[in-house]
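Let me put the model up, and then we'll walk through it together.

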Amino acid sequence: MNIDSIKNGIVIDHITAGNAMTIYGLLGFDKLECSIAIIKNVSSKKMGKKDIIKIDSNIDINLEALGYIDPGVTIDIIRDSVLVDKRSVDLPEKLHGVLKCKNPRCITSCEQELEQIFMLTDRDKKVYRCMYCEAKA
Ligand code: ZN
């Protein structure tokens, strides 16, 4: 893959420097078969340093997980080498299947098929609580 130009794919830009690998792991990019480029510590006028992830395929991005890890990122959608869409993410109100409740007495510990849902309870401090037992994430 040419690092500079993607024909059809996604560029995750303005990642806080150092967060690229966390995003890579939590969004399951290690399971993808397509080419992926992780570019770390790119100079940025706005941010000083930033990370960028380029994915050479139009995959579905888990925007909830992305917003949870790094609410400032932008997503560029590229089709036929043209930027067709630019999206920004925000801290999501709810997280579905992103975090796992660590409370051993939580109903999600015994009912494995229950979806893990966390709710944002404090936007400033970025606090999420389990919807079932209210344990902090
Ligand atoms: Zn819980």
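Let's begin at the zinc ion: its site is tetrahedral, with angles of 102 to 113° among the 4 donor atoms. For reference, the ideal angle for four tetrahedral donors is 109.5 degrees. The protein donors are the SG atoms of Cys 101, Cys 106, Cys 130 and Cys 133, at 2.2 to 2.3 Å from the zinc ion; a donor here is an N, O or S atom within 2.8 Å of the metal (3.2 Å for Na, K and Ca), and water is not among the atoms, so sites may look incomplete. Along the sequence, the spacing of these donor residues reads C-x4-C-x23-C-x2-C. Cys 106 sits in the loop between strand S6 (94-96) and helix H3 (107-110), and Cys 133 in the segment after strand S8 (127-130), so this pair ties together parts 27 residues apart in sequence.

A quick word on what you're looking at. This is a predicted model, where local features need pLDDT of at least 70 and side-chain atom pairs count only at pLDDT 80 or more, while totals for chains, interfaces and linings use all residues. Residues are numbered from 1 along each chain as its sequence is written, and side-chain values use heavy atoms, with hydrogens and water left out.

Back to those two cysteines: buried or partly exposed? Cys 106 is buried, at 1% relative accessible area, whereas Cys 133 is partly exposed at 28%. Buried is under 20%, exposed is over 50%, and partly exposed is in between (1.4 Å probe, protein chains only).

Now the sheet. It is open, with 5 antiparallel strands in the order S2-S3-S1-S4-S5. Strands are DSSP E runs of at least two residues, helices H or I runs of at least four, numbered from the N terminus; two strands pair if DSSP finds at least two bridges between them. At the edges are S2 (36-44) and S5 (82-88), each pairing on one side only. S2 is joined to the antiparallel S3 (residues 48-55) by 7 bridges, and Ser 43 stands opposite Lys 49 in S3.

Finally, the core. Which residues touch the most other members of the largest nonpolar core? Ile 12, Phe 29, Ile 61 and Leu 66 do, out of 29 residues. Such a core is a set of buried Ala, Val, Leu, Ile, Met, Phe, Trp, Tyr and Cys residues joined through side-chain atoms within 4.5 Å. Its largest share, 4 residues, comes from H2.

Note on methods:
Four donors count as tetrahedral if all angles lie between 85 and 135 degrees; four count as square planar and six as octahedral if opposite donors are over 155 degrees apart and all others between 65 and 115; anything else is irregular.
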